[in-house]
Amino acid sequence: MAAGWQRIRTAAAATLRSLLSGVVVLCLGLSLLLTACSGAAGPISGNYVEDTVAVADSLLTTLGLSADDPGRSASETEARGLINSYMARYRPRHDVNGLASFTTMQTALNSLAGHYANYPNRPVPDSLKDRLTKELKKAETGAVRGA
């Protein structure tokens, strides 16, 4: 008789563990789904023209900081996040990624992100800074024109 109760208790415990693990998996899945669908993209609004102008202006400000500026490191970190957010938002959009302004912007962002990744403690060289300034202004103008 005691062996029968032991089997029932063991089966009930196994069922309870299985049910609890299913609930945990369901809760984790729902939290991931809700987080992914929140639409929060950080500083990027979703308006291509406004975002392009804002990102270009922000990066031009960051490029204008001197090498000994105490806020340069924080500004570069913010710029890296802004580059990532911008590219994640607009690279997959086919209505935008064929525009000349986006191609120019992408070239500038890739160059700047590459510099930050390969030379994190060095200031942007003047030659690269000049090229990026031209490209960012060109992309900004093109986005406002709709090109």
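A residue is termed buried when its relative accessible area is under 20%, exposed when over 50%, and partly exposed in between (1.4 Å probe, protein chains only). The model is predicted, so that local features need pLDDT of at least 70 and side-chain atom pairs count only at pLDDT 80 or more, whereas totals for chains, interfaces and linings use all residues. Residues are numbered from 1 along each chain as its sequence is written, and side-chain values use heavy atoms, with hydrogens and water left out.

The structure holds three salt bridges, each defined as a side-chain nitrogen of Lys or Arg within 4 Å of a carboxyl oxygen of Asp or Glu. One joins the side chains of Arg-72 and Glu-76 at 2.8 Å, N to O; these residues lie four apart in helix H3 and are thus separated by about one helical turn (helices being DSSP runs of H or I, at least four residues, numbered from the N terminus). Arg-72 is buried at a relative accessible area of 14%, and Glu-76 is likewise buried at 9%. Another links Arg-93 to Asp-95 at 3.1 Å, N to O, where Arg-93 is partly exposed at 27% and Asp-95 is exposed at 54%.

The buried residues of H5 include Leu-128, Leu-132, Glu-135 and Leu-136, and the buried set is covered by elements including H2 and H4. On the other side of H5, the exposed residues include Asp-126, Lys-134 and Arg-145.

Methods. Helix = DSSP H or I, 4+ residues; strand = E, 2+ residues; numbered from the N terminus. Contact = heavy atoms within 4.5 Å.
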